[in-house]
Amino acid sequence: MRSSRRKVLQGTGGLAVMGLAAAAGLVKPGIARAEAWNKAAFETNSVPEAMKAVGAAQPVESKDIVLNSPDIAENGAVVPFAVESRIPDTQSIALLIEKNPNVLAADFQIPQGTDPWINTRVKMAQTSRVIALVKADGKYYYNAKEVKVTLGGCGG
Amino acid sequence: MADPMKIRAAMAGDKVEVKVLMAHEMETGQRKDASGKVIPAWFIQSVTATCNGRTVLAAEWGTAVAKNPFLSFRFSGGKPGDKVAISWVDNHGDKRTDEATIS
């Protein structure tokens with residue numbers, strides 16, 4: 001029994017089996033965590049779908065959300081973005097990039113005591129509207145800004 | 001194992017400003033290698049920041065966050081000497097936690 005198993009492992013068949021086992025090992029934690037991570041929302045490819053997936057049915061446009069970014073991004077692979085919400089009781093800030101293959105870029109939960117201000121860098125495939133979606137006091141608000149990209153972030 | 005993050009946490013007035021630079025490929029799964037094969041997606045999915053055990057920021061990320069992600073935020077209720085810890089988990093199940101002391 002033991003020697004035959006060893007033979008299998010020595011052969012090329014064994015390699016395939018081990019490869020499969022490794023693949024299974026890698027995939028499992030991914031599946032387990034996907035439950036916590038909002039997979040559906042991150043796989044959407046239109047703004048309405050993404051908004052629906054994060055639970056924002058009818059967001060209201062608000063000038064109290066300030067998006068700070070370059071108007072023209074020379075390199076779409078690194079576009080700095082700062083979002084500030086001046087709406088009281090801001091609970092979360094999400095960034096949506098309309099023309100990206102997957103619209104939702106990031107979703108930040110803002111606990112009490114943390115400023116409704118986020119500064120990060122995103123990738124943009126092409127010139128697109130970028131939407132900041134803010135949840136405040138249970139309601140959703142958004143503001144958008146167009147960023148021109150002269151070199152896309154997906155071509156490498 | 002992934003490289004350590006660079007974290008800076010400093011008082012800015014009565015608030016703590018945190019700046020984090022993570023070392024991660026953030027592969028989108030959209031790119032192809034030289035032979036035309038799609039490079040599988042590999043990216044940070046969730047990030048948590050705590051100060052003395054209290055969560056001060058939680059985030060879920062998609063593939064559109066730039067390579068070697070940068071993140072900056074501010075929170076109140078921290079003082080010099082407190083510890084700020086940042087953790088991330090990627091889609092391979094890899095995780096990393098690093099700590100910095102507020103200055």
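Strand E7 (residues 114–122) of chain A and E5(B) pair in the antiparallel sense, with four bridges between them; two strands count as paired if DSSP finds at least two bridges. Opposite A:Thr120 stands B:Leu71 in E5(B). This is a predicted model, in which local features need pLDDT of at least 70 and side-chain atom pairs count only at pLDDT 80 or more, while totals for chains, interfaces and linings use all residues. Residues are numbered from 1 along each chain as its sequence is written, and chains are lettered from A and ligands numbered from 1 in the order in which they are written.

The contact draws 33 residues from chain A and 32 residues from chain B; residues are in contact if their C-beta atoms, placed from the backbone, lie within 7 Å. On the side of chain B that touches chain A, these elements give two or more residues:

| Element of chain B | Residues |
|---|---|
| strand E3 | 44–51 |
| strand E4 | 54–61 |
| strand E5 | 70–76 |

Strands (E, at least two residues) and helices (H or I, at least four) are DSSP runs, numbered from the N terminus.

B:Lys79 lies in the loop between E5 and strand E6 (83–90) of chain B. B:Lys79 counts as exposed because it has 11 C-beta neighbours inside 10 Å; the limit for exposed is 12 or fewer, for buried 20 or more, with partly exposed in between, counting other C-beta atoms, placed from the backbone, within 10 Å.

Chain A has four helices and nine strands, in the order α-α-α-α-β-β-β-β-β-β-β-β-β. Of its 156 residues, 35% count as buried.

Note on methods
Two residues are in contact if their C-beta atoms, placed from the backbone, lie within 7 Å.
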